[in-house]
Amino acid sequence: MDMLIDPKTRDYNGCTTDTLANAVYLRLMTPLGSWWADPTLGSRLHELEREKDLSRVYRLAKQYAEQALQPLIDDKRARSVTVTTTRYRTGLLLLNVSVIDATDKEQVFKHPVRLT
């Protein structure tokens, strides 16, 4: 069991979790190569903050999220990861991440990505 990170406050919320919530959150929020303990952890989603709200950016966001979450499949913590994108509002892209964990339970996460 891990302490659960609250995505809104980016701090521990006092609860514990046995899901992949922390792993998904850290892989999507951490810029690729900046984690001191593992330079392969993270995503390139931070590069999209200065991009315009275009359909090609949505495809890039999906690719970047899938690349960041692939290690969960490689180390057999998840069986599959599915990422879809939704335009939440102008300048805000929402990643919908569905993870089937090793026990065949589906876990769903939503991750916002700001655009200009």
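**Pocket and sheet**

Modeller: The largest pocket has a volume of about 760 Å³, a volume being the space filled by probe spheres set on grid points joined across faces, edges and corners. The model is predicted: local features need pLDDT of at least 70 and side-chain atom pairs pLDDT 80 or more, while totals for chains, interfaces and linings use all residues. Residues are numbered from 1 along each chain, and side-chain values use heavy atoms, without hydrogens and water.

Colleague: What makes a set of points a pocket?

Modeller: On a 1 Å grid over the protein atoms alone, a pocket is an open set with protein on both sides within 12 Å along at least five of seven lines; in a cavity, a 1.4 Å probe fits but cannot get out. Lining residues have an atom within 4 Å of a point. Here 27 residues line the largest pocket, with P7, Y25, M29, H111 and P112 nearest its centre.

Colleague: Which strands form the open sheet, and in what order?

Modeller: The order of its 3 strands is β3-β4-β5, with antiparallel pairing. A strand is a DSSP run of E with at least two residues, numbered from the N terminus.

Colleague: Why are β3 and β5 said to stand at the edges?

Modeller: Each has a single partner strand, so one side of β3 (78-89) and of β5 (106-114) is left without a neighbour in the sheet.

Colleague: How do you know that β3 and β4 pair?

Modeller: Pairing requires at least two bridges found by DSSP. β3 and β4 (residues 92-101) have 10 bridges, so they count as paired. T85 has L95 in β4 as its bridge partner.

Terms used:
Helix = DSSP H or I, 4+ residues; strand = E, 2+ residues; numbered from the N terminus.
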